[in-house]
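Subject: Structure for you to look at

Hello,

Here is the structure I said I would pass on. My notes follow below it.

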Amino acid sequence: MRWNLPARMAAVCLAACAAMPLAHAADYPAKKPLSLIVPYPAGGASDASARQFGVHIAHALNQQVVVENVGGGAGMLGARRVLTSAPDGYTFLHGSANEVILSPFLNAAAHYKPEDFRLTQPISEATIVLLVRADLPVSNVDDFIAYAKRPGTKPLTFGSVGVGSLYHIMTEYLGRRVGVEFLHVPYRGAAPALQDLIGRQVDFAVLPYQQAMEGIAAQQQLKILTSFSDKLPAPLSKLPLISQSKTIPDFVYTIAGGYYVRQDTPAPEVATLRRAVGYALEQPDLRQRMEAEGRLLLAPMSQQDADAYAVAQVAKYREMIQALGLKPM
């Protein structure tokens, strides 16, 4: 068969065009190392988790993953760093509802919205617990609610990691749900809030689970009344579930974490990154460490399931914030 020049050029063009998406996807992430943005300073729980995941993500991608700590603004600065980077999949966020959802809902300075991000892969749900001072005469969450609702008593005081934090908003919403007013005492982090609870300076606290809490409870310095989970990793199986409550069994809240990119990142890059994070989730050593720290690791998801998960998270927090009548400040 003889080809004339126009026909040959057309065939070459079609072959090139058909190959372009594959070449585009194959190019990533060969160009340069990836930047994994942690929106908090080095040394914290988020930083430690990101570095452990980063090792496995790098292995899956056969490319270096550099963890960058961009702290400040309760996580907003790190989130904005991702949004101001190129939408090429090379910069991604180790994020949670705190930075991606609550910050834009509550802080006018955020200048972004949850829909500006795309969740490539949810990774874990960290456990949140209700702690009370050791001498509070309650033994479970239902007792606690009944005690708080006694007529003619002063509001119980609670410590949190700061104004507008997930734990602050959760506790206010808990009070709204059960018809009780609580008095907020904000702290600069979980450690001082926990210390004052042990010292009986506040009545209770809603905080992220730490392994040390069970030892402190065993020494009768505080009580762990419940987790706010409906399922827990095996190492935490002795903790009560909020779903066991007779008063408020549906008050299920965890710290949902995952890896986010800009919403306009091309689909092939998103898929490649999602698969790499999924590979990390399947590593037994990572799962064992994370679950010992109170994180329930999730199974790898399809992009469709990850998108649905993100939408559900936004809806859940939007409902809570609207019920409390909160506006960005």
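The side chain of asparagine 98 comes to 3.5 Å from the backbone nitrogen of leucine 166, in a predicted model. That is a polar contact (N or O atoms within 3.5 Å; within protein, one able to donate a hydrogen and the other to accept it, with residues adjacent in sequence counted only if both atoms are side-chain atoms). Asparagine 98 lies in helix H4, residues 97–106. Leaving aside residues up to four places away in sequence, asparagine 98 touches Tyr40, Ser103, Ser165 and Leu166, a contact being heavy atoms within 4.5 Å.

The other item is strand E1, residues 34–38, where five of five residues are buried. Leu34, Leu36 and Val38 cover one side, Ser35 and Ile37 the other. Helices (H or I, at least four residues) and strands (E, at least two) are DSSP runs numbered from the N terminus.

Serine 35 has valine 66 as its bridge partner in E2 and stands opposite threonine 91 in E3.

Residues are numbered from 1 along each chain as its sequence is written. Local features need pLDDT of at least 70, side-chain atom pairs count only at pLDDT 80 or more, and totals for chains, interfaces and linings use all residues, while side-chain values use heavy atoms, without hydrogens and water.

Regards

Note on methods. Buried < 20%, exposed > 50% of the residue type's maximum accessible area, 1.4 Å probe, protein only. Pairing = 2+ DSSP bridges.
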